[in-house]
Amino acid sequence: MFEGTVEIMDVLKLTVLSMTVVFASLFAISLILELFKIVFYDRDIKKKEKQKSETKKIESVSQTTESVTETDVDLEDKNMLAILFTAAIAASSGKHASNLKIKSIKKVS
């Protein structure tokens with residue numbers, strides 16, 4: 001392959017050339033993967049992301065309602081309970097609170 005002695009410059013040139021080939025091939029692979037995202041883009045991804053955001057919203061609302069139930073609320077004050085329940089139901093269902101009507105409140109325990 002090499003005749004005689006190998007100089008340090010030949011070794012450095014070979015090293016730089018090899019590293020360039022490796023990084024160029026890695027860059028080409030990354031471009032191909034990005035192209036796959038564009039070509040094989042699934043339109044249902046937006047729907048899935050929307051469902052995930054709604055799930056996160058519902059989880060945050062349930063955590064909020066849990067924190068509301070843990071606070072010291074005067075259970076005898078029916079108006080305050082109606083307001084709290086209306087707010088919790090409106091937040092979890094995404095409807096406006098004026099569209100909801102609470103008919104009765106019963107203690108379960």
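Going along the sequence, the protein reads α-α-α, with three helices and zero strands in total (helices are DSSP runs of H or I with at least four residues, strands are E runs of at least two, numbered from the N terminus). This is a predicted model, where local features need pLDDT of at least 70, side-chain atom pairs count only at pLDDT 80 or more, and totals for chains, interfaces and linings use all residues. Residues are numbered from 1 along each chain as its sequence is written, and side-chain values use heavy atoms, with hydrogens and water left out.

**Surface and burial**

- The protein exposes about 10300 Å², and 63% of that comes from carbon and sulfur atoms (Shrake-Rupley areas with a 1.4 Å probe; for residues, only the protein chains shown count as cover).
- A nonpolar surface patch with about 1200 Å² of accessible area together includes Met-19, Phe-23, Leu-26, Ile-32 and Phe-40 (patch residues have over 30% relative accessible area and no salt bridge; like charges are joined within 9 Å, nonpolar side chains, meaning Val, Leu, Ile, Met, Phe, Trp and Tyr, within 5 Å).

**Helix H1**

- Leu-26, one of the patch residues, sits in H1, which covers residues 8–39, and is partly exposed at 48% relative accessible area.
- Glu-34 and Lys-37 join their side chains in a salt bridge at 3.6 Å, N to O (a Lys or Arg side-chain nitrogen within 4 Å of an Asp or Glu carboxyl oxygen), and the count comes to one.
- Both partners are in H1, three residues apart, or about one turn of the helix.
- An α-helix has 3.6 residues a turn, so residues three or four places apart point the same way.
- Glu-34 counts as partly exposed at 43% relative accessibility, while Lys-37 counts as exposed at 56%.

**Helix H3**

- H3 runs over residues 78–93, and its 16 residues reach 22 Å from first C-alpha to last, close to the expected 22 Å (1.5 Å times one less than the number of residues).
- Its buried residues are Leu-81, Thr-86 and Ala-90.
- They span an arc of only 155° around the axis, so they lie on the same side of H3 (the arc is taken from the directions from the helix axis to the C-beta atoms).
- Thr-86 is buried at 16% relative accessibility, and touches Ala-97, Leu-100 and Ile-102, leaving aside residues up to four places away in sequence (contact means heavy atoms within 4.5 Å).
- After H3 comes Gly-94, with a positive phi near 85°.

Definitions and conventions:
Buried < 20%, exposed > 50% of the residue type's maximum accessible area, 1.4 Å probe, protein only.
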